[in-house]
2 protein chains.
Amino acid sequence: MRIAIQDTYPEDFAHCYGCGYRNPKGHRFKTYYDEASGETVTRYAPRPEHTAVPGFVYGGLIASLIDCHSSGSAAIFKLLSEGKTPGEAVTPRYVTARLELDYRKPTPLGPELWVRGRAVEVGERKVIVESRLLVGGVETVRGRAVLVLLPETMARGASR
Amino acid sequence: MRIAIQDTYPEDFAHCYGCGYRNPKGHRFKTYYDEASGETVTRYAPRPEHTAVPGFVYGGLIASLIDCHSSGSAAIFKLLSEGKTPGEAVTPRYVTARLELDYRKPTPLGPELWVRGRAVEVGERKVIVESRLLVGGVETVRGRAVLVLLPETMARGASR
């Protein structure tokens, strides 16, 4: 998968502070499907100010990264479950209904962060994604997210 | 309580991107104890770029807000449990071990966000805080955080 799933989001739903290509001030997280492992991957190099206590990555940034990684992963896994190719078919837009984070070890600030995700459930409207945050190959945080298709009530603000 | 708990953190642990007074680029969340309700309160006005889809607040920002609110609340509730006055005694520094977020309704972008927290457990090293995010008086998100006293392994980066 050569294009990030977020770069295939419909224009009206590409303003996300975490991952929208239409948000010039945001993080611009990018999630890809890795055919070799069957996992989704999001990589991000935190900036020096993304500190918790000195030397470690801010947990809120990690939550943001896993949040957008999970909604992007939901779209990828949904498309794959329908036999479609992410990046070629129309991309469904998922939002987070529940997010769980286990900060198992402190995450050192400096090296690039890798998040790897897999689907544990792909339903009609709901997808559950489990993720691992890795830094230098060491797992420091685990995430579990319940994603649902963008509800009608959230689509009303688009196109303005 | 007239001073925010984050403004009483030891200098070496006041660099947090979410709430540190020594981080000039961060959000600077401030948490207070509200004697009338017995709850902790953190208020924040999101910026226009803190978007999920147009018209709604980015979930990662909400996770960040509830994260720092919870660690600040843990310090407040721990001090109160020891009969101390937050802002006058030395403030313990908590970090997040687990964070759970239930995004029950979309959170409209515009009005100030209020987070209200209460302790459901105050132990020797661990505190559990439950929080509600309110916007215009309507609850949109619930959070539950497990906080632990800053471990030795995270204190090594300080003072550099």
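This is a predicted model: local features need pLDDT of at least 70, side-chain atom pairs count only at pLDDT 80 or more; totals for chains, interfaces and linings use all residues.
How many residues does the contact take from chain B and from chain A? It takes 41 residues from chain B and 41 residues from chain A.

## The model and its confidence

The predictor assigns the complex an ipTM of 0.95 and a pTM of 0.96. For chain A the average pLDDT is 94, and 96% of the residues score at least 70.

On the side of chain B that touches chain A, the elements giving two or more residues are α1 (59–81), β3 (94–103) and α2 (152–155) of chain B. Of these, β3(B) gives the most, with nine residues. Sorted by class, this side of chain B has 20 nonpolar, 13 polar and eight charged residues.

Strand β3 (residues 94–103) of chain A meets β3(B) directly: the two pair in the antiparallel sense over five bridges. Across this pairing, Arg98(A) stands opposite Asp102(B) in β3(B).

## Symmetry

Chain B can be laid on chain A by a turn of 180° and a shift of 0.0 Å along the axis, with an RMSD of 0.0 Å. The two copies are therefore related as by a two-fold rotation axis. Among the residues of chain B, Glu100(B) comes closest to that axis, with its C-alpha at 2.2 Å. Both copies use the same surface, and 100% of the contact residues of chain B recur in chain A.

## Strands of chain B

Besides its partner in chain A, β3(B) has one within its own chain: it pairs in the antiparallel sense with strand β6 (residues 138–149) of chain B over nine bridges. Glu100(B), the residue of chain B that comes closest to the axis, has Arg144(B) as its bridge partner in β6(B).

Moving along, β6(B) also runs antiparallel to strand β5 (residues 126–135) of chain B, joined to it by ten bridges. In this pairing Arg132(B) stands opposite Arg142(B). β5(B) and β6(B) form a hairpin with two residues between them, and Gly136(B) in the turn has a positive phi of about 60°.

## The nonpolar core

Which residues touch the most other members of the largest nonpolar core? Of its 88 residues, they are Ile62(A), Leu65(A) and Ile66(A), together with Ile62(B), Leu65(B) and Ile66(B). Take Leu65(B): leaving aside residues up to four places away in sequence, Leu65(B) touches Phe29(B), Thr42(B), Tyr44(B), Leu113(B) and Val115(B).

Asp67(A) is found in helix α1 (residues 59–81) of chain A. Is Asp67(A) buried or exposed? Asp67(A) counts as buried because it has 31 C-beta neighbours inside 10 Å, and the cut-off for that class is 20 or more. Not counting residues up to four places away in sequence, Asp67(A) touches Gly18(A), Thr96(A), Leu99(A) and Ala145(A), as well as Gly59(B), Gly60(B) and Ala63(B) of the other chain. The C-alpha atoms of Asp67(A) and Arg98(A) are separated by 9.5 Å, while the two residues are 31 apart along the chain.

One backbone detail deserves a look too. Phi of Arg28(A) is near 60°, a positive value in a residue other than glycine. Arg28(A) is found in the segment before β1 (31–34) of chain A, and it counts as partly exposed because it has 18 C-beta neighbours inside 10 Å. In chain B, phi of Arg28(B) is likewise near 60°.

Note on methods. Residues are numbered from 1 along each chain as its sequence is written. Chains are lettered from A and ligands numbered from 1 in the order in which they are written. Two residues are in contact if their C-beta atoms, placed from the backbone, lie within 7 Å. Helices (H or I, at least four residues) and strands (E, at least two) are DSSP runs, numbered from the N terminus. Ala, Val, Leu, Ile, Met, Phe, Trp, Tyr, Cys and Pro count as nonpolar, Asp, Glu, Lys and Arg as charged, and the others, Gly among them, as polar. Two strands pair if DSSP finds at least two bridges between them. Copies are superposed by least squares on the C-alpha atoms of residues with pLDDT of at least 70 in both. A nonpolar core is a set of buried Ala, Val, Leu, Ile, Met, Phe, Trp, Tyr and Cys residues joined through C-beta atoms within 7 Å. A residue is buried if 20 or more other C-beta atoms lie within 10 Å of its own, exposed if 12 or fewer, and partly exposed in between; C-beta atoms are placed from the backbone. pLDDT is the predictor's confidence in each residue, from 0 to 100.
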